[in-house]
Amino acid sequence: MINDNSTDTITNPIDDSPFMRACRREPTPYTPVWLMRQAGRYMSEYRAVRERVSFLELCKNPDLAAEVTVYAAHRLNVDAAIIFADILLITEPLGLELEFAKGDGPKIHNPVRTPADVNRVRHLEDVSSLDYVYEAIRRTRAALRKDLPLIGFCGAPFTVASYIIEGGSSRNFIHTKRLMYTDAGAWHALMERVAHASVLYLNRQIEAGANAVQLFDSWVGCLSAEDYRTYVQPHSAYIIKHVTKGVPVLHFGTGTATILEDMRDAGGDVIGLDWRIDFADGWRRIGFDRAVQGNLDPVALFAEPDFIINQARKILIAAANRPGHIFNLGHGILPETPVDNVLRLIETVHEISAR
Ligand code: CP3
């Protein structure tokens, strides 16, 4: 038999991409960059698609979701794509009635308010009803540049639970904290159901072709550090621990300056830094044995190009060419952001960081 070991020398273009290498804290030829919410309303091509279909229809149409995902990644020349979907899609199989009302943000029509309500949230053993997401991932993978990683994602259990309980976006999270503080058993039962479903969901995304996954804990910053550790950290940790081995997990939150170490302890190969955190200080607190992602203020993209370039340069200087930095905004890109400034930012990060 011929001993053909030629495959030994063939490297997988995705595993070897700057984004995947940075997740593993390996050196890269330049700092990889992508932007949270990179496919969205700030792009006229996205708005044109949305004139024909509602947001939920777009999420549930694998061809259109793939088209929007691939278009944004290729047009921006970013170093990773993120599948077009939403953190709230999982609430439907959990038994909640989700709507994205025009101009109004997400609504859940049967929110969970009492311990008795928690019992009607389903304990899922199967997340096949989100098949449209997996199909969108397969179609995206087929159309995406062969060396571009695709990020799958879900909401972190606190952020998803806050929508399930509040019934929509919130300022003070009164219903959420009231349930947490009045019936810890019911709170943890709800978090367990969300976390369990999220593990199944992420691992199905990975099977379909996602190369890394991100947990979005967008509203976790409303909690004290003690409440985070008591009510949230074990559930985020459960998800991260059960993601398919070898697939990088990016763990993102905002308003997290007071819980950065606790978030890190919950897990994640890459920890997100929001823009309020000084980049150098944030990475030092997390420890240089973890990768970090961030952290330009999304609103900086509304300023003059010179200012944007200067802000990007400051972050790159603070990262000091250490392996394990993925450039991103400190939170999602805003709907009115000028596209030219976004293109300029991506170009600038690639140029300034070239080693
Ligand atoms: O990053 C990407 O390009 C992938 C797509 C993506 C969307 N939502 C598409 C979307 C991702 C990763 C999300 C995550 C998400 N969804 C989060 C966490 C990220 C964050 O920014 O904190 C949250 C909190 C949600 C919940 C959600 N979905 C809200 C609050 C809204 C309304 C926002 C608004 O500005 O109206 C959505 C809708 C939504 N999700 C849009 C998009 C492109 C806008 C829908 C539209 O009008 O076309």
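A320 lies in the loop between α13 (305-319) and β9 (325-329). This is a predicted model, and in it A320 has a positive phi of about 55° although it is not a glycine. With a relative accessibility of 45%, A320 counts as partly exposed, because that class covers values between 20% and 50%.

N77 is another non-glycine residue with a positive phi, in this case near 60°. The loop between α4 and β1 (81-82) holds N77. Its relative accessibility is 41%, so N77 counts as partly exposed.

**Overall form**

The protein contains 14 helices and nine strands. Taken along the principal axes, the box filled by its C-alpha atoms is roughly 55 × 50 × 50 Å. A compact globule of 355 residues would have a radius of gyration near 20 Å, and the protein, at 20 Å, agrees with this. Of the 355 residues, 57% count as buried. When contacts between residues at least 6 apart in sequence are considered, 72% join residues at least 24 apart.

**Helix packing**

Two packed helices are described by the angle between their axes and the distance between the axes. Two pairs are set out below.

| Helix pair | Axes come within | Crossing angle |
|---|---|---|
| α9 (residues 184-208) and α10 (residues 225-242) | 9 Å | roughly 20° |
| α4 (residues 62-76) and α6 (residues 131-143) | 8 Å | roughly 45° |

The axes of α9 and α10 cross at roughly 20°. Angles under 35 degrees count as roughly parallel, so α9 is roughly parallel to α10. The crossing in which α9 passes α10 is right-handed. On the α9 side the contact involves A184, W187, H188, M191, E192, A195, H196, S198, V199, L202 and N203, which meet T230, Y231, V232, H235, Y238, I239 and H242 in α10. By class, this contact of α9 with α10 has ten nonpolar, seven polar and one charged residues.

For α4 and α6 the crossing angle is roughly 45°. The crossing of α4 past α6 is right-handed. From α4 the contact takes P62, D63, A65, A66, T69, V70 and H74, and from α6 it takes Y132, E135, A136, R139, T140 and A143. The residues in the contact of α4 with α6 divide into seven nonpolar, three polar and three charged.

**A186 in helix α9**

Helix α9 also contains A186. Which residues does A186 touch, not counting those up to four places away in sequence? They are P115, V118 and L179. P115 is 71 residues from A186 along the chain, yet their C-alpha atoms are separated by 5.2 Å. The relative accessibility of A186 is 7%, which means that A186 counts as buried, the limit being under 20%.

**A cis peptide bond**

Where does the chain have a cis peptide bond? The bond joins G294 and N295, with omega about -10°. N295 is placed in strand β8 (residues 291-296).

Terms used: Residues are numbered from 1 along each chain as its sequence is written. This is a predicted model: local features need pLDDT of at least 70, side-chain atom pairs count only at pLDDT 80 or more; totals for chains, interfaces and linings use all residues. Side-chain values use heavy atoms; hydrogens and water are left out. Axes are lines fitted to C-alpha atoms, for helices over the stretch in contact, and angles run from 0 to 180 degrees between N-to-C directions. Helices (H or I, at least four residues) and strands (E, at least two) are DSSP runs, numbered from the N terminus. Angles under 35 degrees count as roughly parallel, over 145 as roughly antiparallel, 65 to 115 as roughly perpendicular and the rest as oblique. A crossing is left-handed if the near helix is turned anticlockwise from the far one by less than a right angle, and right-handed if clockwise. Contact means heavy atoms within 4.5 Å. Ala, Val, Leu, Ile, Met, Phe, Trp, Tyr, Cys and Pro count as nonpolar, Asp, Glu, Lys and Arg as charged, and the others, Gly among them, as polar. The radius of gyration is taken over C-alpha atoms; the globule rule is 2.2 Å times the number of residues to the power 0.38. Buried means under 20% relative accessible area, exposed over 50%, partly exposed in between (1.4 Å probe, protein chains only).
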